[in-house]
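Student: I'd like a close look at one part, please: the lining of a pocket. After that, take me on to whatever else you can show me.

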Amino acid sequence: MLLLAPACSSDREGSDPGEGGGGETTAAAADLPTDTFGDLESPCGEGDAKGSTDQGVTDDSITIGYGDDKGYPATPGLNQEMGDAMDAFIEWCNGLGGINGRELKGNRYDAAIFESAQVMKESCAQDFMMVGHGFGLDENAEPERIKCNMPTVPGFTISPAASMGPMHYQGIPGPVDGFNVSTQEILLDLYPEFAKVGMVNSDSPAVDQGLQRYFDNWEGVGSDVTDCGIRLKSAGGDNYRAIIQKYKECGVTTLFTFTPPSPPIYSFLEAAKVEGLDLIMGSEATWYLDAVLDANVGELTEGVKVGMQFQPFENADVIPAVADYISILDATGGVQGLLGMQSASSFLLWAQVAKDCGSELTRQCMVDGLSQVTAWTAGGLHAESNPGDNRTPVCGLLTEVRGDAYEQIFPEEKGEFFCAEERKAPASAWGGIELTEDRIATKYLTDDVLTPSR
């Protein structure tokens, strides 16, 4: 679950219905998927659904909100691939006829890390639902979302309150009471040095919060894990030579990071090479990005290990869903990154349930339908998850940077996943939140939230 994407920053855009991919309906391009997406029947197409059934729903249109943190000054373009993917999938869906004939209109928001509460206020005033988005400080938006009874299908969540919130479903869930240790098991098996792991952390609150989950993952597979008391400045300016010395004194034998690729961490890696800290570095899918390959000058990022629950782009020749995703994104020229796939998965999940609701398209119908989806791969984009029960996948694969590309190194067979046993996290690892018997965070919970009625 995750954050990132160096690209271009901009002021907030897409607050008017129709921007960000929801313009005039056009015919589907010949090279784009039509009847199916991967092995999933396309949820988009013509139809005769009618009725102004809920906020943002009319006889002929459905308005949804989405977005990213691309305007964050410290990391311009943060998570932009998520908003770009939503732009592309809305345009693709409209080219096929929308959802049961209703055109999709999209409001694209830029939370710029610190404005997620304001974004949610705007969305609450005009959107049917929030879909495919990812905000680094998503907990700030939770009180507003719950107050206006806004169901959500995000691309990722970071905070415990958001990942366990009511009316929340996700293509790839990240619950606090369970975790996927496939990356950790693969790394420890292939590289025994991961028995003693040093975390590369950041002073970014969102990154720090997300990284805490990985302490449990590593400890769950028996590794000795520490952050060595170091927080890289997200804006840069650290004494990297001194930081490298601290890692040496800490005695770690490998590194692991959830910190997004950016100039400061590249400076850290450069200092590590100069100062002789020659350690394997592992990461999760935040590091699956063209920018990491672009930074591999003088083998700066060579060999970085990236764990994934999605099929990499390099597997498009054997995974039809990946080829379909790439063709849809290329049609609009969006930034390509794995987080965009997470947005695509959540969009397809939302669209499938919205299609099933037909002329009875309400937020209650969406909550009812989403809660019933207990096996989901988005047509083959990723390992199987359980959105309805908010259960994370237990499978994954490992890639590494080799030159100007990523190569899958385990499992060796392209298209295959390695599956670990499901792990439960103790209450002490829940980030200070309490859960109901139905595993819903109580922190902002109200008596009138929408709950499944079947």
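Tutor: Sorted by class, the residues lining the second largest pocket are 11 nonpolar, nine polar and three charged. Here Ala, Val, Leu, Ile, Met, Phe, Trp, Tyr, Cys and Pro count as nonpolar, Asp, Glu, Lys and Arg as charged, and the others, Gly among them, as polar. Before we go on: this is a predicted model, where local features need pLDDT of at least 70 and side-chain atom pairs count only at pLDDT 80 or more, while totals for chains, interfaces and linings use all residues. Residues are numbered from 1 along each chain as its sequence is written, and side-chain values use heavy atoms, with hydrogens and water left out.

The pocket's volume is about 440 Å³. It has 23 lining residues, and those closest to its centre are Tyr169, Gly388, Asp438, Ile440 and Pro452. On a 1 Å grid over the protein atoms alone, a pocket is an open set of points with protein on both sides within 12 Å along at least five of seven lines, a cavity is a set where a 1.4 Å probe fits but cannot get out, and lining residues have an atom within 4 Å of a point. Points are joined across faces, edges and corners, and a volume is the space filled by probe spheres set on them.

Searching the whole structure turns up four cavities of 30 Å³ or more. The second largest cavity holds about 110 Å³. Of its 14 lining residues, His133, Asp138, Glu142, Thr157 and Ala162 are the closest to the centre. Its lining splits into six nonpolar, five polar and three charged residues.

Next, the strands. Helices (H or I, at least four residues) and strands (E, at least two) are DSSP runs, numbered from the N terminus, and two strands pair if DSSP finds at least two bridges between them. Four strands make an open, parallel sheet in the order S4-S3-S5-S6. Strands S4 (103-110) and S6 (152-153) sit at the edges, each pairing on one side only. S5 (residues 129-131) is joined to S6 by two bridges, and Val131 stands opposite Val153 in S6. Helix H2 (residues 116-124) lies across S4 and S5, at about 155° to S4.

Elsewhere, strands S14 (residues 395-402) and S15 (residues 405-410) run antiparallel, joined by five bridges. Thr399 has Gln408 as its bridge partner in S15. Two residues lie between the strands of this hairpin, and Gly403 takes a positive phi near 65°.

Last, a helix pair. Helix H11 (residues 338-357) packs on helix H12 (residues 363-370) at about 115°, their axes 9 Å apart. Axes are lines fitted to C-alpha atoms, for helices over the stretch in contact, and angles run from 0 to 180 degrees between N-to-C directions. H11 passes H12 in a right-handed crossing; a crossing is right-handed if the near helix is turned clockwise from the far one by less than a right angle, and left-handed if anticlockwise. The contact (heavy atoms within 4.5 Å) is made by Leu349, Trp350, Val353, Ala354 and Cys357 of H11 with Cys365, Met366, Gly369 and Leu370 of H12. By class, that contact has eight nonpolar residues, one polar and no charged.
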